[in-house]
Amino acid sequence: VVVSNLKKEWIHEFSESLDPYFESGNQDHIDVLKLLKEFIKSNQIQMDKVMLVSVAYPGVVGHNDSLYLTNLEFREVLLQQLVPYIKKELNKELIIKNDVNLATIGVKAYGDFDHVENLYLLSADVGVGVGIIINHQLYEGDRNAAGEVGFVLPIQQTDGGYSTLEDRVCLHALAKSYSKLI
């Protein structure tokens, strides 16, 4: 969670990994709202001064008025909790974007790349994705899936099934493979 002002200054920041919940199969028990409410309260954030809320989410994310998501691993548990709270209880505009796309925008805005016209950011954490900036603008492509490269390059396995790039190289896949070795 980051709170920033219109001058691109970060005012408050909080991060907590949800990986243990997902790795243990307890994603239905994540209380994201509790974490968010504690962050707001402990940092004394004045919600009347917050203009909008942006959520970074892995997978293909559609337009806010017609959300469609293809993140099967997380099963949209987090959004089922957050969307009604942000829109109804906080009464704030909500923007939901792909996590790698928002990271790419952040790197361009806050990093050393603000002058760079075209930028590609590769991420191989939860999955494999690319954030693409062309002519200083985020490029999301058809159905907002331009950077979703994790499901390309399938390789047929000896059992006849297929393994995607994401199945082989993202950090979660590598950790899973490594844990089988030890």
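The structure holds one salt bridge, a term used where a side-chain nitrogen of Lys or Arg is within 4 Å of a carboxyl oxygen of Asp or Glu. This is a predicted model, in which local features need pLDDT of at least 70 and side-chain atom pairs count only at pLDDT 80 or more, while totals for chains, interfaces and linings use all residues. Residues are numbered from 1 along each chain as its sequence is written, and side-chain values use heavy atoms, with hydrogens and water left out. Helices (H or I, at least four residues) and strands (E, at least two) are DSSP runs, numbered from the N terminus.

**The salt bridge**

- The partners are glutamate 140 and lysine 97, whose closest N and O atoms are 3.0 Å apart.
- Because glutamate 140 lies in the loop between β7 and β8 (155–156) and lysine 97 in strand β4 (residues 93–98), the pair ties together parts that are 43 residues apart in sequence.
- Glutamate 140 counts as buried, at 16% relative accessibility, whereas lysine 97 counts as partly exposed, at 23%; here buried means under 20% relative accessible area, exposed over 50%, and partly exposed in between, with a 1.4 Å probe and protein chains only.

**The cavity**

- The structure holds one cavity of 30 Å³ or more, where a cavity is a set of points, on a 1 Å grid over the protein atoms alone, at which a 1.4 Å probe fits but cannot get out.
- The largest cavity contains about 50 Å³ of space, a volume being the space filled by probe spheres set on the points, with grid points joined across faces, edges and corners.
- Its lining, made of residues that have an atom within 4 Å of a point, includes Asn98, Val100, Asn101, Val130 and Glu140.
- The elements that give two or more residues to this lining are α4 and β6.
- The lining residues divide into five nonpolar, five polar and two charged, where Ala, Val, Leu, Ile, Met, Phe, Trp, Tyr, Cys and Pro count as nonpolar, Asp, Glu, Lys and Arg as charged, and the others, Gly among them, as polar.

**Residues with a positive phi**

- Most residues other than glycine have a negative phi.
- Glutamine 44, which is not a glycine, has a positive phi of about 50°; glutamine 44 is found in the loop between α2 (32–42) and β3 (52–57) and is exposed, with a relative accessible area of 69%.
- Histidine 136 also has a positive phi, near 70°, in a residue other than glycine; the place of histidine 136 is in the loop between β6 (129–134) and β7 (137–138), and at 40% relative accessibility histidine 136 counts as partly exposed.

**The surface patch**

- Val2, Trp10 and Tyr110 make a nonpolar surface patch of about 300 Å², an area that comes from the Shrake-Rupley method with a 1.4 Å probe, for which only the protein chains shown count as cover for residues.
- Patches are made of residues with over 30% relative accessible area and no salt bridge, like charges being joined within 9 Å and nonpolar side chains (Val, Leu, Ile, Met, Phe, Trp, Tyr) within 5 Å.
- Tyrosine 110 lies in helix α4 (residues 99–110) and is partly exposed, with a relative accessible area of 38%.

**Distances between parts of the chain**

- Asparagine 135 is found in the loop between β6 and β7 and counts as partly exposed at 47% relative accessibility; the C-alpha atoms of asparagine 135 and asparagine 118, which are 17 residues apart along the chain, are separated by 5.7 Å.
- Valine 116, in the loop between α4 and β5 (119–123), has its C-alpha atom 8.6 Å from that of asparagine 135, although the two are 19 residues apart along the chain.
- Lysine 87 lies in helix α3 (residues 77–89), and the C-alpha atoms of lysine 87 and valine 53, 34 residues apart along the chain, are separated by 9.2 Å.

How values were computed: 1 Å grid on protein atoms, 1.4 Å probe; cavity = no way out; pocket = protein on both sides within 12 Å on 5 of 7 lines; lining within 4 Å.
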